[in-house]
Amino acid sequence: MPRTKADIERDIESCSKRLQEIWKPFNEYESNRLRGYGGDREYQMSLENQARNNSVGLRNQIDRLRDELDEYSRDPVAYQKKQVCIDENNRREQERIAKENRREQERIAYEKKREQVRISVEKLHEQNRIAKMTEIASSKSNFEIAQKLKPIREHFSQYQDCFSAGNGHMSRLTSDGNVVSGGIWANFSNRKVLCNTQNWHKVVAISSGEGTIGLKADGSVIADGCQFQKENLHIAREYRRAINSWYNIIAVSASCSADYPFDYNFVGLKSDGTVIAYGHKFNRKPVGYSAVIARWCNIVAISAGAFHVIGLKKDGTVVAVGDRWGNQRNGNDFCDTRDWREMVAVSAGKRHTVGLKADGRVVAVGDNEDGQCETQYWENVVAISAEPSQTIGLKANGTVVATGKNKGFCTNWKDILAISGKSGLKTDGTIVSSYTADYYKDLSNIPLVTKIQLREKFKLCSYCGSKLSFSKKCKSPICGK
Ligand SMILES: [Zn+2]
């Protein structure tokens with residue numbers, strides 16, 4: 001709204017009034033003096049100076065307003081146009097200032113926000129850093145534990161393949177490479193010896209399950225058990241034909257029984273890191289597990305389960321293949337070892353699979369009906385053995401832990417060197433066992449022998465058991481020693 005003449009005059013009037021107010025003390029003093037009162041010249045001058053100083057601004061303003069009034073009187077239209085312009089400019093200026101203020105506030109808010117973000121990011125980084133440090137610290141301690149356990153594990157493993165206990169029977173190797181066995185067989189209770197190993201010679205490793213398989217120094221294998229008894233001639237022929245074709249074998253494993261008669265598996269690890277398996281069941285599948293197993297490579301250890309076969313790879317991962325129908329009972333897949341890392345040993349039970357980690361902890365998957373997979377709190381374990389419904393672990397101090405059915409059997413065991421089945425081999429060469437039968441006592445007076453001693457005796461690589469070349473180098477591409 002542009003200013004009118006009345007507005008200007010009103011402004012002049014109000015300025016004049018304020019001017020009069022300022023001059024009032026001086027004027028009053030002056031009028032009193034003229035009437036004959038007072039007369040302090042100096043005081044009067046001080047009042048005058050004060051009023052003059054205070055009225056400078058007002059006078060200037062009145063001058064400007066008078067000029068404005070002149071301008072208006074000369075050309076009201078031009079004046080008003082000018083006023084509109086000035087108002088517009090003022091408005092713009094105010095807007096500009098408001099805008100600037102707003103921007104400034106926004107900038108401050110943004111800075112504040114950015115600082116908050118920076119702080120929160122820094123906090124997050126710090127948390128991550130701490131988490132990482134904790135992780136490194138724990139992995140370092142795990143690493144230290146692993147370093148500590150490694151020599152103990154390697155020492156104990158020397159006795160592992162020289163002593164093996166299966167279902168109701170047990171075998172031990174002598175320092176000559178002969179195999180001494182003893183046992184009973186539930187289906188043939190009159191028969192004293194299940195595994196006729198009397199004529200087995202130059203054997204460097206044995207594994208007992210439902211039957212017994214022996215690894216010979218020349219890389220071939222020999223086996224015996226229920227399926228080889230003369231009552232089962234056709235099955236025995238099948239098994240023999242398959243097993244006799246194996247060569248370059250460096251490790252063997254025999255499974256416990258599945259739910260069907262004669263349904264057990266023999267698995268062999270070859271020196272090139274591949275695996276060969278035979279079982280009654282394997283043969284009957286149009287596309288059997290044998291085809292899957294044939295594709296495995298870089299395997300350093302094997303274990304035969306009743307329904308599955310597992311292989312430990314050189315990089316510490318685990319491969320598994322098998323009949324998973326058993327898992328449908330409890331919804332646990334006993335072949336699910338995909339996430340397993342840093343494993344140093346594996347063992348297959350009937351419907352569960354167990355893995356030993358380098359840091360002495362034990363993982364297990366599969367059927368947990370009897371608690372056979374409850375190994376999560378085990379520590380300092382250096383060897384494992386999965387039984388049909390149990391898991392057994394040998395600790396670095398020579399004691400044994402067990403979980404699953406009748407798990408308390410090994411509570412008092414000590415000075416154990418190797419475990420197999422529900423039996424243990426002690427440092428004095430004697431055997432402890434949960435079996436009620438006393439046949440194993442006959443096996444207690446055989447002197448201890450190690451895998452290395454036998455390998456050296458038969459001129460095999462002492463690390464992996466492969467044949468040595470003429471220049472005494474290991475022929476295995478996996479071992480390379
Ligand atoms: Zn080797």
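Reader: Which residue stands opposite H352 in β15?

Author: First, the ground rules. This is a predicted model, where local features need pLDDT of at least 70, side-chain atom pairs count only at pLDDT 80 or more, and totals for chains, interfaces and linings use all residues. Residues are numbered from 1 along each chain as its sequence is written. Strands here are DSSP runs of E of at least two residues, and helices are runs of H or I of at least four, numbered from the N terminus. Now your case: H352 stands opposite G366 in β15.

Reader: How many bridges link β14 and β15?

Author: Strands of a sheet pair through backbone hydrogen bonds, either parallel or antiparallel. Two strands count as paired if DSSP finds at least two bridges between them. Strand β14, residues 352–357, pairs with β15 over five bridges, in the antiparallel sense.

Reader: What is the order of the strands in this sheet?

Author: The order is β13-β14-β15, an open sheet of three strands with antiparallel pairing. β13 (343–348) and β15 (362–366) are the edge strands, each pairing on one side only. Neighbouring strands are turned by 20° against each other on average, direction ignored. Such angles lie between axes, which are lines fitted to C-alpha atoms (for helices over the stretch in contact), and run from 0 to 180 degrees between N-to-C directions.

Reader: Is S347 buried or exposed?

Author: Count C-beta atoms, placed from the backbone: 20 or more others within 10 Å means buried, 12 or fewer means exposed, and in between means partly exposed. S347 lies in strand β13. S347 is buried because 26 other C-beta atoms lie within 10 Å.

Reader: Which residues does S347 touch?

Author: Contact means that the C-beta atoms of two residues, placed from the backbone, lie within 7 Å. Leaving out residues up to four places away in sequence, S347 touches S303, V354, I384, S385 and A386. The C-alpha atoms of S347 and A301 are separated by 9.4 Å, and these two residues are 46 residues apart along the chain.

Reader: Where does S303 find its bridge partner?

Author: The partner of S303 is I310, in β11. Strand β10 (residues 299–304) and strand β11 (residues 308–313) pair in the antiparallel sense over five bridges. They form a hairpin with three residues between them. β10 is largely enclosed by the rest of the structure, because five of its six residues are buried.

Reader: Which residues point each way from β17?

Author: In a regular strand the side chains alternate between the two faces of the sheet. Q390, I392 and L394 point one way from β17, while T391, G393 and K395 point the other way, and all are buried.

Reader: Which strands pair with β17?

Author: Strand β16 (residues 381–387) pairs with β17 in the antiparallel sense over six bridges. There, E387 stands opposite Q390. T391 stands opposite T403 in β18. Four residues lie between β17 and β18 in their hairpin, and G398 in the turn has a positive phi of about 85°.

Reader: What is the phi of N406?

Author: Most residues other than glycine have a negative phi, and most peptide bonds are trans. N406 has a positive phi of about 50° although it is not a glycine. N406 sits in the loop between β18 and β19 (416–420). N406 counts as exposed because it has 11 C-beta neighbours inside 10 Å.
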